[in-house]
Amino acid sequence: MTDQTLTNRPETTTGPKSEATHGVGPHGGNRRTEPGSRGRTTIADGVVAKIAGLAARGVPGVQGMGGGFARGFGAVRERVPGAGSQSVTSGVKVEVGEVQTAIDLSIIVEYGFAIVELAGDVRTEVIAAIERMTGLEVVEVNIMVSDVKLPDEEEEQQQQVPERRVA
């Protein structure tokens with residue numbers, strides 16, 4: 001988990017100052033306290049992983065996430081009624097510190113996309129989403145391309161999936 005104090009955000013006030021939010025100093029002057037000094041915000045590792053996974057999946061050319069085992073397990077889980085779809089965090093590992101985070105992604109690329117350019121686009125989107133939503137500094141986003149999805153692979157997989165029968 002990450003402890004992050006939000007001291008870098010400006011405080012805005014719209015009304016008169018009250019002693020509940022702004023105390024009176026020892027010399028009679030108003031003492032302004034920053035909102036970040038009044039508590040602590042904790043961001044769980046899973047939150048950062050979900051943000052990274054959603055941001056990466058949103059980039060055109062990313063067909064899926066995860067390696068061979070995770071994808072195989074996800075395909076089996078999708079076929080089981082009520083088991084849900086593939087996890088948003090599949091293929092995502094994060095290390096979260098107090099003010100920084102590092103992300104490892106395993107992606108599957110659609111055939112025809114330039115992998116180096118796609119990896120750059122994924123990095124840009126993941127960094128922007130995490131820094132905007134959490135305030136954490138992203139120090140690195142490592143990307144491993146685990147597979148390339150060929151156009152004819154989709155047709156083969158659909159033929160192998162047995163039809164569901166409704167009773």
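How much accessible surface does the protein chain have, and what share of it belongs to carbon and sulfur atoms? The accessible surface comes to about 11,200 Å², and 52% of it belongs to carbon and sulfur atoms, with areas taken from the Shrake-Rupley method and a 1.4 Å probe. The model is predicted, so local features need pLDDT of at least 70 and side-chain atom pairs count only at pLDDT 80 or more, while totals for chains, interfaces and linings use all residues. Residues are numbered from 1 along each chain as its sequence is written, and side-chain values use heavy atoms, leaving out hydrogens and water.

The protein chain holds four helices and eight strands, defined as DSSP runs (helices H or I, at least four residues; strands E, at least two) numbered from the N terminus. Their order from the N terminus is β-β-β-β-α-β-α-β-β-α-β-α. Among contacts (heavy atoms within 4.5 Å) between residues at least 6 apart in sequence, 73% join residues at least 24 apart.

Of the 167 residues, 28% are buried, meaning under 20% relative accessible area, with exposed over 50% and partly exposed in between (1.4 Å probe, protein chains only). Leaving aside residues up to four places away in sequence, Val-122 touches Ala-56, Val-59, Val-62, Leu-105 and Ile-143.

Pro-151 lies in helix α4 (residues 151-160) and counts as exposed because its relative accessibility is 61%.
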